[in-house]
Each structure stands twice: as structure tokens, then as C-alpha cells.
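Please read the following note beside the sequence and the model. The points are numbered so that each may be checked in turn.

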Amino acid sequence: MAMLDPLPLAQALMRCPSVTPADAGALGVLEDALQPLGFACHRLIFTEPDSEPVDNLYARIGTRAPLFCFAGHTDVVPPGDAKAWRSAPFDAEVRHGVLYGRGAADMKTAIAAFVVATARHLAKGDLKGSIGLIITGDEEGEAINGTRKILDWMTEKGERADHCIVGEPTSVAAAGDTLKIGRRGSMTVRVTVKGTQGHVAYPNRANNPIPALAALVTKLANLPLDQGTGHFDPSTLAFTTVDVGNPASNVIPAEARATFNIRFNDLHTPDSLMAFLNAEAAAVAKQTGCEITLTNNVSGVAFLTTPGAFTDLVAKTVEGATGRRPEFSTSGGTSDARFIKDHCPVVELGLPGTTMHKTDECVLVSDIQKLTDIYAALLDAYFANPPG
Ligand SMILES: [Zn+2]
């Protein structure tokens, strides 16, 4: 039976309360939709010593190249206070043409749209290549037992994706108005400033780390990191906390700490940023006599899928389906595209994301249909003339 409407599948997926790392039946719903279409499904359970096991799915139809992949996640963020929602977060209720519920935008609907688009493409005749789905249950969590490990598994099995679309909610006002061809990197840095503890009445016998930290905070918060590039906004640095935690009003503390996050474009790497930051810290340390150490944690490096044959094909297809040329963006947070970019060209294209992670998360049902049309047209165009 040809699946023509993505809404029932989207609702079935949304009715599984798959808050990371729970699967709650979501991948089973997906397998039940893919197997009748002829997909071979592989459930992949990954785990790490200090984390709960996570269920993932890789499904493929066809044996020939090229392999066009769609990537996404069935896990969702928690609904928060369920009573604050106008309908229960896992009911997937449609009211006046709008589908409400957790995962409506981010991103169970896009998965349903892609499955139905595939069904439509397959109904047209012989598949001139292969279609793969890389679906994780660990995107909203630590992302250590998800896409990266599926990709490793694929490499081991000799499965090489040629191009990939990620169904994250990239659009703004209407499905297809914006696609992402890259993402900024994200790095969190923790600052520790060590001075010498002492009595407030004798500050000359102490070395107060607080003015040193304040000087460094002021310096870093006001330094432009760059002016942006052709495809990226300027990099940003934002402090998230300053901590001294000293309950005594008569003691100069020995230590002060702070944390900041940098969202950086493709002019920087974590190493180049740390070299720059360490030099700034060393200058303040020299002036103040305090010891300053920086430690970092990288969540993702900046990447760009250079505009070319694949991005052109996607943009032209979207324009054909919507009547509007999509905007190329690199804004927003990180996504699993940061792992896929090491394997093949990747573009992110999904629904409007303005309500993602919010109470009453929702999308227009007509936007889900539109995204399905876009994905179906993309499969037609891709296999008619695969980009090199
Ligand atoms: Zn997402």
C-alpha cells in the first residue's frame, strides 16, 4: 500500500514518549513503516560505561550507488510541565490545521515526511541507487551513543553515504525557506584564577583573585573574535557564570572561577582559540601575579558544506516546490550534521523550528505536506542526475 499522507506516521511517532534516552517504541513504529517498502532495517544499540544504552536504526533500500541518506532523531527533549500544554505533549493533537506535541518540529514530522517521500519515489519505478536512513535516539542527550557510532558502524560494513540531508527544523516562516549548509562550532571554557587568601584588613598580605578574574572577563567579553565570513556571522563569546562562593566577609578568597561559551565560525579551531585565550590569560596573570588556568570542552567544530553541485540541487528543488529560493544559513546550535560532515556533503533542511523545545511545540500540517513534496522532488532530482 502506498503511503501518501505523512500525518498519521508523524502522529504515531509523536505518541511514543521517547525522551532521551528512552525509545518508547518510536523506532519500532518507523521499522513497521519502512519494512513494507522494502527497507532492510538494522537496530543498533550502543552504550558507554557511564551512560544508558541507546537504540538507533539504520535502514537501507537498494544495493547500488549512489547512496542518498536522510538523517534524523526520534528522541525528544522533556515536555516540562505537561499541564502547561493546551493538549497533552504526547497526544499529537491537530487543532485548526496545526499539529501540536513534543517532536512536532524537532523532528519526528520530518522523519515521517521523508518516509512518505521515499514511498512516493519508489512507486514511480526502479530505484537508481540506494536510500538510507540514519536515525538516532541520542541527539538531544550527550550524542555519544548515536549518529557518530552509526556512522562508524556503516564504515565498518562498507556502507558509504554519498550525500545526506538532515531533517532538523531549519526553516523560519515556511517549510523550505532556509537550509543550513554548515554550523558554527561550540566550545565551553572554564577559567580558574588562583591568588593568595588573606584578611580583608591586610590586602597587601594577600593577592585577591577577584580583580584579576574581573579584568579577564571584561577583556574577553569586549574583544571581537572576527568580523564574520562569507557564510558565517562573527564568532561570539558569552560568559555564563562567575563564581567565588565565599561566605566570609572578612576573608579575601584564594580562588575565583568563571565559565564562558564560544560559538565560532570556520576561521577558528578549538586549538587556535585556546592559543589566543591562553595568551590573553597570561597577560592578566603577569599583571596581577595570579595563576590563571583555562580548560575547554568542545561540543563541535565549525564546518561548511561548500556550495556546489549538491547544495545547488537542493536549492533548485526547494525553489521548484515552494516558488522561493531558500536562504543558506549557518546559524543556530549544533546538530548531528557535525558528525556526518566527515563522511559526505551534508545539508540540513526541515520544518520551521520557532517552537522547538517549547511548550505547545507545533507545526502547520500543510508545512509537513510541503516538506514531503520537497523531499520527494529531491529524491526524483537526485537520482535523475546524481551530483558528483
Ligand atoms: Zn533536533
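**Note on the predicted model**

1. Glu168 is placed in the loop between β7 (163–166) and β8 (178–180); helices (H or I, at least four residues) and strands (E, at least two) are DSSP runs, numbered from the N terminus. This is a predicted model, in which local features need pLDDT of at least 70 and side-chain atom pairs count only at pLDDT 80 or more, while totals for chains, interfaces and linings use all residues. Residues are numbered from 1 along each chain as its sequence is written, and side-chain values use heavy atoms, with hydrogens and water left out.

2. A salt bridge is a side-chain nitrogen of Lys or Arg within 4 Å of a carboxyl oxygen of Asp or Glu. Leaving aside residues up to four places away in sequence, Glu168 touches several residues, among them His73, Asp106, Met107, Glu139 and Arg183; contact means heavy atoms within 4.5 Å.

3. For the chain as a whole, the secondary structure comes to nine helices and 19 strands. The C-alpha trace spans about 85 × 50 × 40 Å along its principal axes. Of the 388 residues, 53% count as buried. Among contacts with a separation of 6 or more, 79% are between residues 24 or more positions apart.

4. Two packed helices are described by the angle between their axes and the distance between the axes. Helix α3 (residues 108–123) packs against helix α9 (residues 365–384) at an angle of about 45 degrees, and their axes are 8 Å apart. That angle makes α3 oblique to α9. Axes are lines fitted to C-alpha atoms, for helices over the stretch in contact, and angles run from 0 to 180 degrees between N-to-C directions. Angles under 35 degrees count as roughly parallel, over 145 as roughly antiparallel, 65 to 115 as roughly perpendicular and the rest as oblique. The crossing of α3 and α9 is right-handed; a crossing is left-handed if the near helix is turned anticlockwise from the far one by less than a right angle, and right-handed if clockwise. Residues of α3 including Ala113, Phe114 and Ala117 take part in this contact, as do residues of α9 including Leu371, Thr372 and Asp380.

5. Helix α9 also has a contact with helix α7 (residues 309–322): their axes come within 9 Å and cross at roughly 135 degrees. These two helices are therefore oblique to each other, and α7 passes α9 in a right-handed crossing. The contact involves, among others, Phe310, Leu313 and Val314 of α7 and Lys370, Ile374 and Ala377 of α9.

6. A search of the whole structure finds 15 salt bridges. In one of them, the side chains of Arg43 and Asp55 meet at 3.0 Å, N to O. Arg43 belongs to strand β1 (residues 40–46) and Asp55 to strand β2 (residues 54–61), so the pair ties together parts that are 12 residues apart in sequence. Arg43 is partly exposed, with a relative accessible area of 33%, and Asp55 counts as buried at 17%.

7. Lys124 and Asp380 form another salt bridge (2.5 Å, N to O). Lys124 lies in the loop between α3 and β6 (130–136) and Asp380 in helix α9, so this pair ties together parts that are 256 residues apart in sequence. Lys124 is exposed, with a relative accessible area of 62%, while Asp380 is partly exposed at 24%. Elsewhere, salt bridges that share partners join Asp23, Glu31, Arg43 and Asp55 into one network.

8. The backbone deserves a final point. Most residues other than glycine have a negative phi, and most peptide bonds are trans. The peptide bond from Asp106 to Met107 is cis, with omega near -10 degrees, and Met107 lies in the loop between β5 (98–100) and α3. Ala143 has a positive phi, near 60 degrees; this residue is found in the loop between β6 and α4 and is buried, with a relative accessible area of 3%.

Technical notes
Buried means under 20% relative accessible area, exposed over 50%, partly exposed in between (1.4 Å probe, protein chains only).
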